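This briefing concerns a predicted model.

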Amino acid sequence: MNDITQLAPQTVWQWFAKICAIPHPSFHEAELVQFIIDQVQTEGKSRGMTVERDSKNNLHITKPASKGMENRAPVALQAHCDMVAQKADDSTHDFIKDPIQPRIQDQFVYANHTTLGADNGIGLAMALAVAFSDDIAHPELHIIITTEEETSMGGVNVLQPEWLSAPYLLNLDTEDDAQIFVGCAGGCDATFTRQYPQHAYTGKTLSVKVSGLRGGHSGVNIHEYRGNANLVLTRVLQAANQVAPVQLIAFNGGTVINAIPRSAEAIIVGDESVIAAIEAEAKIIQTELHAVERSLKVECTAQETTATVLSQADTQHFLDFVSSFPNGVLRMSDDFAGIVETSINAGVVTLEQGDFALKTLMRSLGEMQKQALKQRLAALSRLACVEMHTHNDYPGWLPDPQSKLLELVKPLMATEFGREPTVQVIHAGLECGYLKSKAPHMDMVSFGPNIFNAHSPTEHVQIDSVAKNFELLEKVLLAIPAK
């Protein structure tokens with residue numbers, strides 16, 4: 001049975017099914033946004049709902065308080081409507097045209113060989129389920145729906161502060177139940193480029209492909225030390241280069257900077273003489289990563305090609321730069337046990353017609369640490385004579401020890417989950433950093449259901465966790481204090 005609309009609570013899963021039916025990867029959210037607007041202007045009209053849209057397709061939906069709740073303080077529910085587009089290597093799914101196909105397996109909902117979009121589609125579905133309900137008691141509601149969160153936080157960056165007038169905000173974009181999040185990492189994208197000269201070549205070449213890695217969220221999963229396909233491939237090419245000098249024709253690894261790259265492929269000038277070295281290094285890496293990457297494969301295919309190639313010296317430069325690039329956890333937090341303070345993900349590496357690009361996302365709980373990492377990367381780029389450009393710098397969210405909303409949610413969550421909740425920060429970029437900078441008066445916390453392997457084709461959400469978090473949301477809305 002793969003009809004998720006029959007799962008409980010039905011209103012949430014019915015909304016999630018509608019969200020899955022409309023393609024909505026980052027930068028392609030307009031159709032889903034228009035669908036929500038249409039629903040507000042038709043089904044929501046009798047409920048007193050209004051909707052505004054801005055130039056980035058962000059939405060501000062309002063709904064009057066339920067009868068008897070008019071004296072309570074207004075509350076905002078916030079989620080983003082874009083999703084990360086990742087699919088299995090053999091999938092033909094087109095994220096621009098094809099709907100996500102959810103399927104039920106055991107106690108979870110997956111998609112068919114693609115990301116599910118539970119990040120943040122489930123949070124969005126919960127907010128809309130409340131907004132369109134006639135029997136959930138709530139104060140005056142402000143539903144804040146943003147775009148481009150998974151790429152640049154471009155939506156929340158331009159959000160109008162006037163939309164953030166409510167004193168309380170519940171962000172529904174975290175992925176661990178029985179935990180209340182009160183802070184998050186800030187981040188910054190960086191791109192490194194160089195143009196290598198080339199010369200023509202016709203003859204034997206070798207395709208070297210790395211596949212089978214787990215991938216995952218570059219913030220949430222970074223401390224698990226999963227394999228990075230770009231670095232694995234570079235390492236086996238370095239091994240080949242020690243046997244016989246190789247020359248690069250092309251390199252293509254990773255697709256987005258906020259996902260740990262699962263696969264990568266290079267085309268080199270070479271023949272079977274270097275295959276043994278590649279396979280030997282691959283076995284060493286498989287042994288090193290055996291606990292977390294049981295499906296890692298490195299495959300070599302010989303062929304004849306006419307192409308343009310890098311010189312041996314420039315090939316060595318490419319391999320040295322990528323090999324020396326920092327990746328993974330750089331420091332753990334001193335204040336929050338088990339939480340990463342600073343990390344970086346070498347998410348995308350490409351070489352085509354001599355054009356080299358390495359795209360990365362750095363994250364840190366502290367602004368000073370993020371700036372220090374920028375300086376370190378700038379020094380590396382100067383030494384390597386590679387151009388560096390930073391962009392999409394967004395702030396972190398610092399915990400508020402005086403949060404009244406936190407004190408309200410804690411006992412309700414303890415009752416719902418039967419245990420004392422953990423108050424935590426997350427090493428991922430929530431939009432609360434931007435929201436807090438635009439509306440310092442807002443008291444905010446974040447919670448959500450268990451979502452596993454976000455940003456990968458094995459993403460899945462726990463069904464009963466969705467039910468518990470929705471029940472928690474209802475109880476929090478009912479407990480919001482008077483104005």
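Helix α1, formed by residues 10-21, contains 12 residues and spans 16 Å from its first C-alpha to its last, close to the 16 Å expected at 1.5 Å a residue.

**Helix α1**
- The buried residues of α1 are V12, W13, W15, F16, I19 and C20.
- These residues lie on the same side of α1 because they cover an arc of only 160 degrees around the axis.
- Among the helices, α2 (30-42), α3 (118-131) and α11 (463-479) pack against the buried residues of α1.
- The strands β4 (102-105), β5 (108-111) and β21 (460-462) also pack against the buried residues of α1.

**Nonpolar cores**
- The largest nonpolar core comprises 68 residues, and W13, L170 and L473 have the most contacts inside it.
- Helix α3 gives the most to this core, contributing 10 residues.
- Leaving aside residues up to four places away in sequence, L473 is in contact with L77, M126, V130, L170, L172 and F447.
- A second, separate core has 48 residues, including F192, V232, V246 and A264.

**Strand β8**
- Strand β8, residues 179-184, is mostly covered, with 5 of its 6 residues buried.
- Strands β8 and β18 (residues 422-426) run parallel and are joined by 5 bridges.
- Within this pairing, C184 has I426 of β18 as its bridge partner.

Key
Residues numbered from 1 in each chain as written. Predicted model: local features only at pLDDT ≥ 70, side-chain atom pairs only at ≥ 80, totals over all residues. Heavy atoms only, no water. Helix = DSSP H or I, 4+ residues; strand = E, 2+ residues; numbered from the N terminus. Expected span 1.5 Å × (residues − 1). Buried < 20%, exposed > 50% of the residue type's maximum accessible area, 1.4 Å probe, protein only. Arc of directions from axis to C-beta. Contact = heavy atoms within 4.5 Å. Core = buried A, V, L, I, M, F, W, Y, C linked by side-chain atoms within 4.5 Å. Pairing = 2+ DSSP bridges.
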